[in-house]
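Here are my notes on this one, written as a few numbered points. Have the 3D view open while you read.

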Amino acid sequence: MKYTRRDFVKTNAIVGTGAMMGFNFAVPNVKPALTGGKPVRTASWPKWPKWNPETDEPRVLEVLRSGVWSRSEVVKEFENKWAKTTGSKRCVTVVNGTNALIASLTQAGIGGGDEVLVSSYTFIASVAAILQTGAMPVFVDSDPETFQLDPKEIKKKINNRTRAILPVHILGLPADMDSIMAIAKQNNLIVVEDACQGWLAEYDHKKVGTFGLAGCFSFQNSKNLPMGEGGAIVSDNDEFMDKCFSYHNYGYPYGSLVGAVNQGAVMAGTKIRLTEYQAAIGLSQLKRLDEETRLRETNANYLKEQLQGIPGISTYVLYPKVNRAVFHLFPFRFHSEGFKGLSRDVFIKALRAEGIPCSSGYTPLNDKLYLKDAFSSKNYKRMYQPEELDFEKFVAENQCPITDKLCNEEAIWLSQSMLLGSQTDMDDIANAIKKIHENVEELLNYKG
Ligand SMILES: *Cc1c(COP(=O)(O)O)cnc(C)c1O
């Protein structure tokens, strides 16, 4: 049985519990799907990525048939379009978002002995990139309402070795850029934005990724602008972008980086170039990005409204100057006490059983073995004092209790592609959560 809004209003009139609970409409007292009841929804969700053979394939086929597959005009075309889209002077594409971060940090002069302040509620790549440069990541705790790094916590972590801040616009919700840029300015810190979930997101009518020295984007398959793998750096700084370009192409001369004839590479570089066919896929996806982003926004706003007032559920908060969030993920917080002590784990299972895919999101990054491994590497041992590489000490100094709570107890995510559904799809999500809430007793003894 699928509950429409009208069904609920009807039921509400009969049982009258919805108004009492502060819901817009009531949920009939029915068995949760997890314990054998009928799921709220059995229909499938929108597939990702989107692909329309008719409109998306001609350009890709043209590239394939041309035999020009290595970096050339199509990559340049994508870079020009992405620079223009973000309102940046320049763009260099690279193989992925992780390498966009590594290139940006190294070309900004970050390396061994430097401390980089990084969001603790993020994907492993943000931290992995810092470790690749030889710098020391310093984890900054989060604001639980926005899921973003908390500027008040940034200040506490600054010392004379701090060189940069790596804010992440996590979930596609912009970070508090006014505060972050003010702190960076006061303390003479470089800002490299991890906008790998932030395509088209805006803070103060400016695209995320354009506040700091550099903004880094990811075009991995699951991302809102997918091309399988891919990444980009945007910046207005010509000298920095010439370096990033040269770095991504073996360190060969580029722009202001000129070398004597026959001298070859002018700086230490690597090779992380995008291919022509990836760029062709990117161009086709870029065409639908704005419209899809608008649909996600509309559905997210609607769903947020539907979830408000459900005891035990907190919806996300955006900073006052955010004028566009892009919802790579739709987050909300689950509070066990609002569900008579139900665990998040069983709540997630119950929601999935109702036909609503969801996850608990990230796990904490500040205490995991990859850090210990980096600290025991030859490079780190030569760049740092032994006490700086004491893993136990590092873990103790990098506690982030708010992030821990988000990761271990509270956060629930819905994927961006679900937000490409209809308003009725959003109702299904809200109704499933309300159904679980109203029938939580049934789930308290669930074992499985
Ligand atoms: C996806 C992602 C990255 C890394 O991008 P890849 O293209 O997968 O290398 C970095 N940071 C965040 C926050 C991401 O979501």
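This is a predicted model: local features need pLDDT of at least 70, side-chain atom pairs count only at pLDDT 80 or more; totals for chains, interfaces and linings use all residues.

1. First, a term: a polar contact is a pair of N or O atoms within 3.5 Å; within protein, one must be able to donate a hydrogen and the other to accept it, and residues adjacent in sequence count only if both atoms are side-chain atoms. With that in hand, look at K223, where a polar side-chain atom sits 2.8 Å from an oxygen atom of the ligand.

2. Residues are numbered from 1 along each chain as its sequence is written, and side-chain values use heavy atoms, leaving out hydrogens and water.

3. How many residues surround the ligand? There are 16, and the closest are G97, T98, D194, S218 and K223 (a residue counts if one of its heavy atoms lies within 4 Å).

4. Now the nonpolar core, meaning buried (under 20% relative accessible area, 1.4 Å probe, protein chains only) Ala, Val, Leu, Ile, Met, Phe, Trp, Tyr and Cys residues joined through side-chain atoms within 4.5 Å. The largest one has 91 residues, and Y121, F330, F332 and F347 have the most contacts inside it. Domain 1 (5–49 + 288–361 + 407–442) and domain 2 (53–286) both contribute residues, so this core lies between them; the domain bounds come from an automatic or database assignment.

How values were computed
Buried means under 20% relative accessible area, exposed over 50%, partly exposed in between (1.4 Å probe, protein chains only).
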